[in-house]
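The stops below are meant to be followed in order.

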Amino acid sequence: MSRYEVNVLLYRLKKDQAFRARFRDDARAALAAAELTDEEREAFVRWDSRRLNELGGSLHLLISIPGHGGH
């Protein structure tokens, strides 16, 4: 489990509009260089926020990503 990397990616999705657009267009390609476990990668690709939170993703980040969280 790479809790740090999960939160780095969540933060990037929140703050980096260009990365967020690439993720929205092709999540697997956007995550290609990320050091994630297979389980973490699948949770991102399916945008399973509950699973991302269980894997250590910050709830605050999960609900504050434009277009993915509570916006």
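This is a predicted model: local features need pLDDT of at least 70, side-chain atom pairs count only at pLDDT 80 or more; totals for chains, interfaces and linings use all residues.

**The whole chain.** Six helices and zero strands are present, so that the order from the N terminus reads α-α-α-α-α-α. Along the principal axes, the C-alpha atoms occupy a box of roughly 25 × 25 × 20 Å. The radius of gyration is 11 Å, which agrees with the value near 11 Å for a compact globule of 71 residues.

**Surface and charge.** Next, display the accessible surface, which amounts to about 4,400 Å², with 48% belonging to carbon and sulfur atoms. Of the 71 residues, 38% count as buried. Then colour the charged side chains: 12 are positive and 11 are negative, and the centres of the two sets lie 7 Å apart.

**Contacts along the sequence.** With contacts shown between residues at least 6 apart in sequence, 50% of them join residues at least 24 apart.

**Helix 2.** Now select residues 17-25, which form helix 2, and show the side chains of Phe19, Arg20 and Phe23, which are buried. Viewed down the axis of helix 2, its buried residues fall within an arc of 100 degrees and therefore line one face of the helix. Which exposed residues does the face turned away from the buried side of helix 2 carry? They are Gln17, Arg24 and Asp25.

How values were computed. Residues are numbered from 1 along each chain as its sequence is written. Side-chain values use heavy atoms; hydrogens and water are left out. Helices (H or I, at least four residues) and strands (E, at least two) are DSSP runs, numbered from the N terminus. The radius of gyration is taken over C-alpha atoms; the globule rule is 2.2 Å times the number of residues to the power 0.38. Buried means under 20% relative accessible area, exposed over 50%, partly exposed in between (1.4 Å probe, protein chains only). Contact means heavy atoms within 4.5 Å. Accessible areas come from the Shrake-Rupley method with a 1.4 Å probe; for residues, only the protein chains shown count as cover. Lys and Arg count as positive and Asp and Glu as negative; His and the chain ends are not counted. The place of a charge is taken as NZ of Lys, CZ of Arg, CG of Asp or CD of Glu. The arc is that of the directions from the helix axis to the C-beta atoms.
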